Amino acid sequence: MKKLCIALALGASLLAHAADKIVVGASPTPHAEILEHLKPMLAQQGVDLDIKVYTDYVQPNVQLAEKRIDANFFQHKPYMDEFNRSRGASIQAVADVLIAPFGAYSKKITKVSELKDGATVAIPNDAVNGGRALQLLDQANLIKLKDPKNNMSTEKDIVQNTKNIKIKQLEAPMLPRVLGEVDLSVINTTFALEAKLNPMKDALILEGGQSNYVNLLAARADNKDSPAMKKLADALRSPQSKQFILERFKGSLVPAF
């Protein structure tokens, strides 16, 4: 009888441990790095964090929607909302974590005023980040948009382009790789950091600290309130997380808590 009780207790313990496992999709830098840093803290709280690394901006949401992973940490709300709208998904925000300022980089010029007439500027080809890139170019007075606050602006919304800038749309991971081929490339901080670019030092244009594009922890309606998810959200917004973000990324990322 005693052995049976021990076996049942062990079984219950194993089931509880399994219930606390959480699989999170993340981009390599900075999101997966932050999660790796928090792994020991979560383990002490009984959460087994399994990090799946993705190098694109589509699969983390596809895998989450298809219940192949439990959450993801790579995107901002405007991108998530557009994915939900275009794919008929219902991914939801769990917690705001950080702001990764968008920046424009170049290997051909050292300041924006050197941009020549007819220069080629590369931007992301997805609707949300493409609009965000155009907003940054508007901020730098390189173009004028019909409505600078419209997150979904396209080239058709450019009402003034005095330097006759040619917009080249590319997959976001490609933007750092074409720096030598274009005059200016507007790059998500995730891919800038992976390419060893320092937004604070290397960006010729950089978004301000106030941004609508806060990177967040996302999940589904069926699991966003689970105990393990709550512990993960709390860890991502903890003093330990803030300290790591500030020290590791030296101002290139701004905690949103």
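This is a predicted model: local features need pLDDT of at least 70, side-chain atom pairs count only at pLDDT 80 or more; totals for chains, interfaces and linings use all residues.
What is the order of the 6 strands in the open sheet? The order came back as 2-1-3-12-4-13, with mixed pairing.

**Entry 1: the sheet**

I checked the edges next. Strand 2 (48-53) and strand 13 (254-255) are the edge strands, and each pairs on one side only. Strand 2 finds its partner in strand 1 (residues 21-26): the two run parallel and share 6 bridges. I picked out one of the bridge partners, and Ala26 goes with Val53 in strand 2. Then I looked at what packs on the sheet here. Helix 2 (residues 28-44) does, touching strand 1, strand 2, strand 3 (71-76), strand 4 (92-99) and strand 12 (214-219). I noted an angle of about 165° between the direction of helix 2 and that of strand 2.

**Entry 2: helix 4**

I moved on to helix 4 (residues 77-87). Helix 4 lies across strand 3, strand 4 and strand 12, and makes about 110° with strand 3. I listed the buried residues of helix 4 as Pro78, Tyr79, Met80, Glu82, Phe83 and Asn84. Their cover includes helix 3 (59-65) and helix 5 (127-139), along with strand 3, strand 4 and strand 12. Just past the end of helix 4, I found Gly88 with a positive phi of about 65°.

**Entry 3: Pro78**

Why does Pro78 count as buried? Its relative accessible area is 15%, and the cut-off for buried is under 20%. I then asked for its contacts, leaving out residues up to four places away in sequence: Pro78 touches Val128, Asn151, Asn212 and Tyr213. I followed up on Asn151, which sits 73 residues from Pro78 along the chain, yet their C-alpha atoms are separated by 7.7 Å.

**Entry 4: the cavity**

I counted 13 lining residues, with Tyr57, Phe74, His76, Asn188 and Asn215 nearest the centre. The elements giving two or more residues to this lining are strand 3, helix 5 and helix 6 (189-194). Which of them gives the largest share? Strand 3 does, with 3 residues. I sorted the lining by class too, and got 5 nonpolar, 7 polar and 1 charged residues.

How values were computed:
Residues are numbered from 1 along each chain as its sequence is written. Side-chain values use heavy atoms; hydrogens and water are left out. Helices (H or I, at least four residues) and strands (E, at least two) are DSSP runs, numbered from the N terminus. Buried means under 20% relative accessible area, exposed over 50%, partly exposed in between (1.4 Å probe, protein chains only). Contact means heavy atoms within 4.5 Å. Two strands pair if DSSP finds at least two bridges between them. Axes are lines fitted to C-alpha atoms, for helices over the stretch in contact, and angles run from 0 to 180 degrees between N-to-C directions. On a 1 Å grid over the protein atoms alone, a cavity is a set of points where a 1.4 Å probe fits but cannot get out, and a pocket is an open set with protein on both sides within 12 Å along at least five of seven lines; lining residues have an atom within 4 Å of a point. Ala, Val, Leu, Ile, Met, Phe, Trp, Tyr, Cys and Pro count as nonpolar, Asp, Glu, Lys and Arg as charged, and the others, Gly among them, as polar.
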